[in-house]
Amino acid sequence: MSYLLYIVAFMLFRLIYGEYIPPGPKYTCPKIGQILYPCNCTQGTDNGLYVTCENTNLASLSISLENLARLESPVEELLITKSSFRNLYGTLFYKSKVRVLKIEDTPLEYIDEGSFFGINETLTELYLTNTFLKEFPKEALNPLGLLTILKIDGHRIENLDTDIFANSSAVGVIERLTLSNGALKELQPQSFQTLRKLKFLDLHGNNFTTLKKNQFKNLRDVEVLDLSHNFIAKLDASHISDLTKLGWCNVSHNALKELTRGTFARNSVLKVLNMAHNRISRLDANSFRGMRFLRRLYLNDNSISDIGRGVFNAVARIGTIDLARNLIRKIDFQMFSELNYVEIIDVSENNVTEILKGSFKDLYLTNINISHNRISKIEANSFINCANITALDMSHNEITHFPGDAFDTTTYATVFQLSYNQLTDLSKVPLKNMTGLKVLNVSHNAIETIPKNTFPKLYELHTIDASFNNISEIFNGVFQTLFSLRFLNLSHNSLEILKSSTFGPLSTVLELDLSDNLLRNIARSCFTKLSSLQMLNLENNQLEKLFQIPISCSRLNLRNNLLKEIPDRTWPTMNALLWLDLSNNQLEDNLSGGSFNGLLTLQTIILASNGITKVPWESFVPLSTLQYLHMENNNLTSLAKGAFGKLPVVFEVNLFNNQISDI
């Protein structure tokens with residue numbers, strides 16, 4: 001009875017606390033791996049096994065597949081790679097049930113007529129990658145009646161017969177055909193015309209120079225066509241008019257010299273057209289006629305110098321226009337007008353020197369890139385009703401000023417990039433109507449001053465980068481109209497003096513970078529009204545005395561200045577400062593017992609390269625939370641007992657490159 005109760009209790013325990021263990025796959029790899037040698041079962045699934053055969057020959061492979069067939073498990077994928085046979089023949093796959101067959105990196109030159117007998121009832125995908133095939137294996141492929149995907153990538157086939165699929169059992173089944181990265185020179189219109197269910201045709205990376213009339217006859221279901229990386233010199237409607245369902249076309253990296261009138265007029269559902277890296281020199285109003293559903297247009301890396309007026313009016317639904325790296329000289333009147341759905345306009349790295357009136361009109365939420373040009377002239381009303389430009393990149397140009405009405409009252413950008421230009425006065429940048437501006441970058445210019453009324457009331461601007469200029473004067477309180485400013489970078493300028501009213505009350509600023517200036521005098525109360533400041537960088541200046549820092553500051557960098565002492569009561573009582581860098585100054589042995597009073601939570605202090613000859617332990621007494629002390633590159637010669645005083649939680653003391661000889 002007690003035994004029965006024990007069993008019941010055990011079963012109840014398993015029922016309550018037991019963990020569910022999911023069953024394994026329906027088909028599992030054999031426990032004895034050598035049975036498939038030189039092949040290897042890598043994975044078992046509910047659909048079948050995944051088997052890889054590497055560095056083998058036909059004899060060994062035949063034995064391995066014979067053993068595999070005895071397992072009576074279907075093979076989901078069979079990969080034969082880096083093998084040594086040149087001819088595929090015999091009954092190698094006669095007893096196999098393989099759904100996906102991949103032969104890769106093998107010097108295969110010829111496939112015999114009956115090579116795929118046996119797997120013709122199961123094979124749906126065939127991949128031949130990096131082989132030495134010299135002719136299309138049409139007889140071998142004829143029995144494969146379930147084949148939906150055929151990919152021959154990397155081959156030596158030069159010509160295709162007109163009847164390569166004439167007797168194929170897969171005529172009404174195959175949907176994806178790839179013959180890429182080979183030596184094909186010519187393509188007959190009859191070669192593929194029996195493949196009425198074909199949706200994907202990839203012929204990239206061959207040696208085609210011309211296309212024939214009705215080149216893709218009867219291929220009305222093809223949705224994707226890739227002819228890139230060939231040498232095609234001409235493309236017109238007679239070549240592709242049969243592709244009435246074509247939605248994606250790539251003819252990039254060819255030798256096309258023009259986009260002839262009505263080329264894609266019959267391809268009315270085309271959505272993506274890539275003609276990059278060709279030799280196209282001009283576009284006119286008829287170039288895109290009939291392409292009303294086009295969404296992405298890539299014409300970058302051509303020789304386009306002439307774009308007719310209203311070129312893009314026919315593609316009103318366009319989302320991307322990429323014209324980068326061409327020879328465009330100007331942005332003409334209404335070149336980009338009333339494109340209500342456009343998201344990206346890229347005219348970067350051209351020869352644009354001027355932007356004419358009305359060039360950009362009625363755009364919304366658009367990313368406009370006209371960087372890396374030679375723009376020096378911007379006419380009035382160049383941007384009309386361009387609300388909420390996602391990003392306006394005008395960097396790397398020759399802009400010296402803007403006309404006051406370059407942007408109308410409804411035009412503004414979220415990100416305004418003006419770096420690497422020739423601006424001298426920040427007030428000449430038209431910010432009056434930039435109500436939604438969030439990021440302004442005017443770095444690497446020649447700005448000398450930030451005068452009064454430079455910034456109107458901008459409620460969303462949170463980042464300003466004015467580094468690498470020649471700014472020597474900032475008008476008092478000029479940033480006070482920026483109610484969301486978080487990050488302000490004024491590094492690498494020529495500032496010498498900061499007054500108490502230079503910044504004024506900026507309660508939102510988190511990071512302020514004033515490094516690499518000529519600062520020698522900072523008013524004691526200059527930063528006290530920056531009540532949220534967390535990071536203050538003042539390295540590489542000429543400061544001789546300190547100022548009062550805001551109590552919110554957590555990182556203070558004073559590296560490479562001329563500080564000689566830190567008097568008592570320099571710091572307010574604060575628990576925010578965690579990291580302090582005073583390296584490369586002239587403190588020597590002038591640190592006193594009150595030099596760091598008030599720093600209640602300081603964790604890291606860097607006193608390297610200050611000419612210190614003895615450890616200033618008295619100054620460390622208030623630093624009960626100090627964890628990292630850096631005193632490398634000084635002149636310490638000895639360390640007495642208790643040289644550092646009491647530092648209860650210090651983790652690391654760095655005394656590298658001193659002259660210590662006595663401890």
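Reply: F651 is exposed, because its relative accessible area is 58%, where exposed means over 50%, buried under 20% and partly exposed in between, with a 1.4 Å probe and protein chains only. The model is predicted, so local features need pLDDT of at least 70 and side-chain atom pairs count only at pLDDT 80 or more, while totals for chains, interfaces and linings use all residues. Residues are numbered from 1 along each chain as its sequence is written, and side-chain values use heavy atoms, with hydrogens and water left out.

A pair of aromatic rings is described by the distance of the centres and the angle of the planes. Here the rings of Phe, Tyr and Trp (its six-membered ring) pair if their centres lie within 6.5 Å; planes under 30 degrees apart count as stacked, over 60 as edge-to-face and the rest as tilted. The structure holds 17 such aromatic pairs. One of them joins F402 and F416, with ring centres 6.3 Å apart and planes at 65°, so this pair is edge-to-face. It links distant parts of the chain, 14 residues apart: F402 is in the loop between β26 (389-393) and β27 (413-417), and F416 is in strand β27 itself. Strands (E, at least two residues) and helices (H or I, at least four) are DSSP runs numbered from the N terminus. Both F402 and F416 are buried.

F651 pairs with Y628, again edge-to-face, at 5.9 Å centre to centre and 80° between the planes. Y628 is partly exposed, because its relative accessible area is 30%. Elsewhere, ring pairs link F288, F312, F336, F360, F383, F402, F407 and F416 into a cluster.

Two arginines lie over ring faces: R156 over F132, at 3.8 Å from the ring centre, and R176 over F200, at 3.9 Å. The criterion is NZ of Lys or CZ of Arg within 6 Å of the ring centre and within 35 degrees of the ring normal.

Side chains of opposite charge can pair when their charged atoms come close. The model holds 22 salt bridges, each a side-chain nitrogen of Lys or Arg within 4 Å of a carboxyl oxygen of Asp or Glu. Among them, R296 and E343 meet at 3.1 Å, N to O. That bridge links distant parts of the chain, 47 residues apart: R296 is in strand β15 (residues 296-298), E343 in the loop between β19 (336-337) and β20 (344-346). R296 is partly exposed at 22% relative accessible area, and E343 is partly exposed at 34%.

R282 and D284 form another bridge, the closest N and O atoms being 3.3 Å apart; R282 is partly exposed at 42%, as is D284 at 25%. K234 and D236 meet at 3.8 Å, N to O. K234 counts as partly exposed at 48% relative accessibility, whereas D236 is buried at 17%. E76, R99 and E125 are linked in a network of salt bridges.
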